[in-house]
Amino acid sequence: MSALLEVSGVSVSFDGFRAINNLSFSIGPAELRAIIGPNGAGKTTFMDIVTGKTRPDAGTVTFGDRPLSLLSMTEAQIARAGVGRKFQRPTVFEDQTVHENLIMALRAPRSPWRVLFWREGAQDRANVAALAEEVGLSDALARKAGELSHGQKQWLEIGMLLAQEPRLLLVDEPAAGMTLAEREHTTRLLVEMAKTRAVVVVEHDMDFVRRLDCKVTVLHEGAVLAEGSLDHVTRNQQVIDVYLGRG
Amino acid sequence: MSRSFFARNPSVLWFILILAVFTLAVTLLSDAYGVAFVSTSFVKTLGKTLCLCLVALAMDLIWGYAGILSLGHMAFFALGGYMLGMWLMYARTEEIVVAALAEGVLPATAEEIRQGIATQIFGVVGASELPPIWVFAHGFWLQLALVVAVPGVLALVFGWLAFRARVTGVYLSILTQAMTLALALYLFQNDSGLRGNNGLSGLQNLPGLGDVSQDRLSVWFLWASAAALGLGYALLAWVVSGKFGSVIRAIRDDEQRVRFLGYTVEGYKLFVFSLTAVIAALAGALYYPQAGIINPAELAPIASIYLAVWVAIGGRGRLYGAVIGAAFVTLVSSWFTGGRVPDLPLGFYTVQWVDWWSVVLGLSFVAVTLFAPKGLAGLFDLWQGLRAPNRRGAPLGPDDGALMEREARE
């Protein structure tokens, strides 16, 4: 199985500080992967590089069947190519309704001219209704996103990601600030999504990672320290030293 | 959601209705078509105010909706005025020159007429040749195309450079101010080809309509300005009502997030910037024939700042707010600065409003920004709030009048 995302030999430094150091990483087209690591290990920078927010000093990042280099693309082009990103803090457009938020995210032409003449059809309404159902916001479609609770905003953002129909999903600490029941729902949804696409979850919470039951990549000082099942990496002496052992 | 555009945007119908009633009322009170209650100069003031409302609408789209505080839109407004002014001045001078030469023994040649026009227009800056930029000035339609093209292309080039470099916030505002100032300084030069600080004058005289009185012309321009404002309102209401409006408001609130949704933020900003520049230019092209004169002082940076003040006082982020702000502030302003407001004697000092008006305007701007960010248009919320109190949250029960969820908690 060829990889969907292939990151190889990537390095980036900020003012002399090496945030990412010769990092290589790859994920298949339908795979769930957790990335763990202590603070400053380069998890967020890694996501910034893949989504085009940060340009690496060296290395290559390719994506897709006919590999595209993501390094020469803008954030918007990368998003259109099929990379979705969920932020740690829920970022939804609070001044607009849940419906408007989802409509904006729905897969459709993105150029200003096409968007100007775009009008909502029956199919779009059905899609929005289905998405809202999936993330449990059916009753809240007409409400302003700013009125939602923290957990509901997380759900809305997940719904917006689903609406984009990405082939690769980067999820930053999805369980932060969620109740136990919400966490279980999130876990189910992530596992479900990973059946048809690649999902990368960055997470601090070991219990949550254990629940995901997937391959784990441990980052440390901007490079991969270990990779394998959670049990495998937690037995790794280096991992214990830099990360787990401190607890 | 399958309801018509007007049903979803009731403010459009209301706006057009109020505008129509207003225009009809002024017409019936005018010197030319009614009971001569409103003077011609005041009809012109009202017509000009409508043009300022139109440019305020454009400002609201770019600032209130897209979040780009452009302090250069009055430059596009003035450029539109200059472009149409060139034709007005050329064609009008041509009439005069042809009439003067007709008294001669020999029929005038085309070259003589051209020379006569050039001397008439440019004698004041010591030139006798028409500058190359006047090459289209003889044709109304050509020059009208330039009203759209010149500000449009300037906005495209400027916007492309600024937005591509991801200049945002106050830095972008400063850049637009610099653009305005540079343009004004350029036009102040005598060899800019637009008569330096003399500007273009006599624009109130329409070529071919020499025997139509200003009384009637002023009302015609009022109609044209009202029609333009109505159309502009409907167009912008349509632009902001759909997904496009959603996207630009999202750009205002969090542009990085919009990029991750796959929208090219720079493209949207450029689109809105250029569209509003063209609307501003058309408003200017209607404004200056009513003002009669345009000179580079019209491009002064302060003019664009006033535009932002109108929109802020009126209430940005909704179209009628911009119109209310522009109309209210410019009319009150012309009242105060017209010397018709009695002085306020304080005993130790007499407040003369002509001098103190700027201070009052500045203080009200600060007050509105601090205490009523919704501006004058927020009063509508207050009024609608009286009719249907904001009970917050969704109904708890299916019946009308069921407790709202947050109300129940309080």
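Hi everyone. Let me start with a term: a nonpolar core here is a set of buried Ala, Val, Leu, Ile, Met, Phe, Trp, Tyr and Cys residues joined through C-beta atoms within 7 Å. Please keep in mind that this is a predicted model.

With that in hand, the largest nonpolar core has 179 residues, and the members touching the most others are Val55(B), Ala56(B) and Leu57(B). Helix 11 of chain B, residues 265-291, supplies the largest share of this core, with 17 residues.

Let's stay with Ala56(B) for a moment. Leaving aside residues up to four places away in sequence, Ala56(B) touches Leu307(B), Trp310(B), Val311(B), Ala322(B), Val323(B), Gly325(B) and Ala326(B).

Now to a helix pair in chain B. How do helix 12 and helix 14 of chain B pack? Helix 12 (residues 301-314) and helix 14 (residues 353-371) of chain B have axes 9 Å apart, at an angle of about 45°. The two helices of chain B are therefore oblique to each other, and their crossing is left-handed. From helix 12 of chain B, Val309(B), Ala312(B) and Ile313(B) meet Leu361(B), Ser364(B), Phe365(B), Val368(B) and Thr369(B) of helix 14. That contact counts 6 nonpolar and 2 polar residues, with no charged ones.

Finally, the two chains together. Chain A puts 24 residues in contact with 22 residues of chain B. On the side of chain A that touches chain B, the elements giving two or more residues are helix 2 (75-81), helix 3 (98-105) and helix 4 (112-117) of chain A. By class, that side of chain A has 10 nonpolar, 5 polar and 9 charged residues.

Thanks, everyone!

How values were computed:
Residues are numbered from 1 along each chain as its sequence is written. Chains are lettered from A and ligands numbered from 1 in the order in which they are written. This is a predicted model: local features need pLDDT of at least 70, side-chain atom pairs count only at pLDDT 80 or more; totals for chains, interfaces and linings use all residues. A residue is buried if 20 or more other C-beta atoms lie within 10 Å of its own, exposed if 12 or fewer, and partly exposed in between; C-beta atoms are placed from the backbone. Helices (H or I, at least four residues) and strands (E, at least two) are DSSP runs, numbered from the N terminus. Two residues are in contact if their C-beta atoms, placed from the backbone, lie within 7 Å. Axes are lines fitted to C-alpha atoms, for helices over the stretch in contact, and angles run from 0 to 180 degrees between N-to-C directions. Angles under 35 degrees count as roughly parallel, over 145 as roughly antiparallel, 65 to 115 as roughly perpendicular and the rest as oblique. A crossing is left-handed if the near helix is turned anticlockwise from the far one by less than a right angle, and right-handed if clockwise. Ala, Val, Leu, Ile, Met, Phe, Trp, Tyr, Cys and Pro count as nonpolar, Asp, Glu, Lys and Arg as charged, and the others, Gly among them, as polar.
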